[in-house]
Amino acid sequence: MGRHRKQPAVTVKRSSVIALTGLVPAGLMACTAASNVGNGVEAAAAAEHLPVDSQDVQGAETTALLTDPGATTEFVANKMAKPSGPPVVKSVALADGRQMAALPSGPMGVPGIAVSAYQNAERILAEENTGCNMPWTMLAGIGRVESTHAYGKADADGNPLTAVYGPVLDGSLYGNHVIRDTDGGELDGLAGYDRAIGPMQFLPQTWKRYAADGNGDGIADPQNLFDAALTAGKYLCDGGLNMRDLAQQSKAILRYNNSMAYVANVMAWETSYSTGVAPRAGDLPRI
């Protein structure tokens, strides 16, 4: 799991996604502007989301993801019901022994249920925030870096077979942020300190601010892939950002982790899921 700490500057090779797209100047500008993202978005909102560094799973688990690199699956028919009102924000207790979703894998071996969740979020955002232009592959890039798509194990409803949590943010890990409890343990199951929750790794306070119901069941559960993907999209689109503008896209990704290495990783996986071509090692600098 990750360290949840502020990241030092890194040197990104020119062969990386950032260099190829000319994002270094825009990204550095976004770093300096991170305390004033969007239109009226508070600096705290940009800083409070501190995701998991999942680079330690890029070895064997990356190999597992490439088992079917040519597979592509569209789940447009699997539309979720549109919620009728504000969702109830909570984590739902689920029974043990649930089975993994039986859906074909998507590009680069992404679990089919995760592809369904990302594409569902893309569809809803296209209807509700027409200026954002969020591609599902960008959400998949976030999901890959944050939790390897719930570690590839979720049931047919998009719930991880084992709840996904980040490390406790109590300062016990070197360089960790210390974030005291903001939810009474309601979402992260802990009192005293917070930890990131769910496959898209939101802190409780951030989740409560942006929580969305992606599957139309009336609940915004940070552990559910459909809810988490849509909430991540809302968070990234906030402030009128347009994901077709690479500078604005990098600015949005920096909200997750104020690190250009993190941006490079997310964009590398986004490109991989769009093209079916695995990222090179140089495109995935250590976060």
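**A helix and the core**

Mentor: Let us begin at the start of α10, where a side-chain oxygen of Ser259 comes to within 3.2 Å of the backbone nitrogen of Ala261. Please keep in mind that this is a predicted model.

Trainee: How far apart are the end C-alpha atoms of α10?

Mentor: They are 22 Å apart. This agrees with expectation, because 16 residues at 1.5 Å a residue should span 22 Å.

Trainee: Is α10 largely enclosed or open?

Mentor: Of its 16 residues, 13 are buried, so α10 is largely enclosed by the rest of the structure.

Trainee: Turning to the largest nonpolar core, which residues touch the most other members?

Mentor: Tyr118, Met134 and Tyr256 do, in a core of 55 residues. The elements that give two or more residues to this core include α5, α8 and α10. The largest share, 9 residues, comes from α8.

Trainee: What does Tyr118 touch, leaving out residues up to four places away in sequence?

Mentor: Tyr118 touches Val110, Trp136, Leu139, Ala140, Gly143, His149, Met200 and Ala229.

Trainee: Now the whole chain: how many helices and strands are there?

Mentor: The protein chain has 10 helices and 2 strands. Of its 287 residues, 53% count as buried.

Trainee: And what is the accessible surface of the chain?

Mentor: It comes to about 12200 Å², with 54% belonging to carbon and sulfur atoms.

Definitions and conventions. Residues are numbered from 1 along each chain as its sequence is written. This is a predicted model: local features need pLDDT of at least 70, side-chain atom pairs count only at pLDDT 80 or more; totals for chains, interfaces and linings use all residues. Side-chain values use heavy atoms; hydrogens and water are left out. A nonpolar core is a set of buried Ala, Val, Leu, Ile, Met, Phe, Trp, Tyr and Cys residues joined through side-chain atoms within 4.5 Å. Buried means under 20% relative accessible area, exposed over 50%, partly exposed in between (1.4 Å probe, protein chains only). Helices (H or I, at least four residues) and strands (E, at least two) are DSSP runs, numbered from the N terminus. Contact means heavy atoms within 4.5 Å. Accessible areas come from the Shrake-Rupley method with a 1.4 Å probe; for residues, only the protein chains shown count as cover. The expected span of a helix is 1.5 Å times one less than its number of residues. A polar contact is a pair of N or O atoms within 3.5 Å; within protein, one must be able to donate a hydrogen and the other to accept it, and residues adjacent in sequence count only if both atoms are side-chain atoms.
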